[in-house]
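Please read this report with the sequence and the model side by side.

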Amino acid sequence: MNKPLPVHPNLDDLRVFCQVARRASFSAAAEALGVSPAYVSKRVGMLEADLGTRLLHRSTRRVAITDAGERVYAWAEKILDDVNHLLEDVSSTRQVPRGTLRVSSSFGFGRHVVAPAMSRLRARHPQLNVRLDLFDRIVDVAAEGYDLDVRIGDDIAPHLIARKLADNHRVLCASPAYLKTHGTPRQLSDLAGHACIVIKERDHPFGMWRLQQRGEAVSLKVTGPLSTNHGEVAVQWALDAQGIVLRSMWDVGALIARGELVQVLPDVTQPANVWAVYPSRVASSAKVRACVEFLAGEFQTQA
């Protein structure tokens with residue numbers, strides 16, 4: 001009597017399961033994959049049936065991974081990583097970027113700069129699909145499954161690969177109307193008497209401005225009646241004469257040039273270069289290389 005052939009798990013099912021395991025949520029995994037929660041639940045159920053074991057404990061409020069699920073997750077990550085390396089190796093020999101490129105960035109910069117660049121990248125490489133997600137926090141590209149993070153700020157984990165795309169820095173600025181009413185600060189200590197617009201955005205520690213003045217590092221605790229997690233909102237408040245804001249030159253440079261905002265304490269800045277950041281597992285990827293080279297060219301053109 002012939003023994004039944006062993007059932008080999010479907011790679012797509014493994015990918016779906018890994019998303020659920022990372023996020024401990026069917027709905028969050030579904031959102032990341034661009035599918036319905038019902039589809040995610042179905043694929044995980046099929047994987048459990050193929051393997052003959054329960055991988056997740058489900059309740060109305062949360063999803064917890066089982067001991068067997070932990071083992072499967074570890075193997076699945078390795079299997080999928082090996083498959084990705086295989087596909088990328090083949091792709092790199094063709095030099096044709098294809099497949100899905102998952103990119104993350106911040107709200108304002110992502111919307112105004114990265115999104116249009118991704119549209120032009122897609123026009124140049126029609127075999128490439130792009131998924132762009134925008135966040136108000138630093139993304140762990142390796143753990144969260146992204147190929148590339150386009151970020152402003154120089155605080156980059158050492159295990160990641162980073163390529164500088166453009167020089168940039170943040171400056172202090174306010175509207176002429178605000179400065180007329182409240183006066184112009186002449187030294188850093190004067191900021192204690194001003195309304196500072198506080199931002200919690202990605203690499204900004206909330207209420208703490210880490211600055212450089214004539215090459216020396218200075219940290220300053222600031223306060224104000226208005227705070228937000230969105231840089232564009234903060235700039236609008238500054239234009240409305242609500243206070244002093246610390247923003248990137250890419251964001252406020254044109255407003256300063258037109259006189260709508262005025263840079264204050266011009267010898268005080270904050271380094272905020274633009275970087276392409278990606279995990280080492282995709283370093284040889286044709287799609288990542290194509291994207292990084294394209295972005296570098298875009299920023300050189302705009303410089």
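Domain bounds here come from an automatic or database domain assignment. That assignment gives domain 1 (11-89), domain 2 (95-167 + 274-302) and domain 3 (169-270). The C-alpha centres of domain 1 and domain 3 lie 44 Å apart.

This is a predicted model, in which local features need pLDDT of at least 70, side-chain atom pairs count only at pLDDT 80 or more, and totals for chains, interfaces and linings use all residues. Residues are numbered from 1 along each chain as its sequence is written, and side-chain values use heavy atoms, with hydrogens and water left out.

**Overall**

The C-alpha trace spans about 90 × 45 × 30 Å along its principal axes. The secondary structure comes to ten helices and 14 strands. Helices (H or I, at least four residues) and strands (E, at least two) are DSSP runs, numbered from the N terminus. Of the 303 residues, 45% are buried. Buried means under 20% relative accessible area, exposed over 50%, and partly exposed in between (1.4 Å probe, protein chains only). The protein exposes about 15600 Å², with 53% supplied by carbon and sulfur atoms. Accessible areas come from the Shrake-Rupley method with a 1.4 Å probe; for residues, only the protein chains shown count as cover. Contact means heavy atoms within 4.5 Å. Among contacts between residues at least 6 apart in sequence, 75% join residues at least 24 apart.

**Strand pairing**

Two strands pair if DSSP finds at least two bridges between them.

| Pair | Sense | Bridges |
|---|---|---|
| β3 (99-106) and β4 (128-135) | parallel | eight bridges |
| β9 (208-213) and β10 (216-221) | antiparallel | six bridges |
| β9 (208-213) and β13 (262-271) | antiparallel | two bridges |

Strand β3 is mostly covered, with six of its eight residues buried. Its V103 has L132 of β4 as bridge partner.

Strand β9 has two faces. W209, L211 and Q213 form the covered one, while M208, R210 and Q212 form the uncovered one. In a regular strand the side chains alternate between the two faces of the sheet. Q213 stands opposite E216 in β10. In β13, the bridge partner of Q213 is V268. The hairpin of β9 and β10 has two residues between the strands, and R214 takes a positive phi near 50° there.

**Helix α9**

Which residues of α9 (249-257) are buried? They are D251, V252, G253 and L255. Their cover includes β7 (169-174), α8 (231-239) and β12 (245-248). G259 follows α9 and has a positive phi, near 85°.

A283 sits in the loop between β14 (274-279) and α10 (286-302). It is partly exposed, at 31% relative accessible area. Leaving aside neighbours within four places in sequence, A283 is in contact with I161, Y278 and R289. A283 and D147 are 136 residues apart in sequence, yet 9.3 Å apart in space, C-alpha to C-alpha.

L11, W75 and I79 make a nonpolar surface patch of about 300 Å². Patches are made of residues with over 30% relative accessible area and no salt bridge; like charges are joined within 9 Å, and nonpolar side chains (Val, Leu, Ile, Met, Phe, Trp, Tyr) within 5 Å. A salt bridge is a side-chain nitrogen of Lys or Arg within 4 Å of a carboxyl oxygen of Asp or Glu. W75 lies in helix α4 (67-94). W75 is exposed, with a relative accessible area of 58%.
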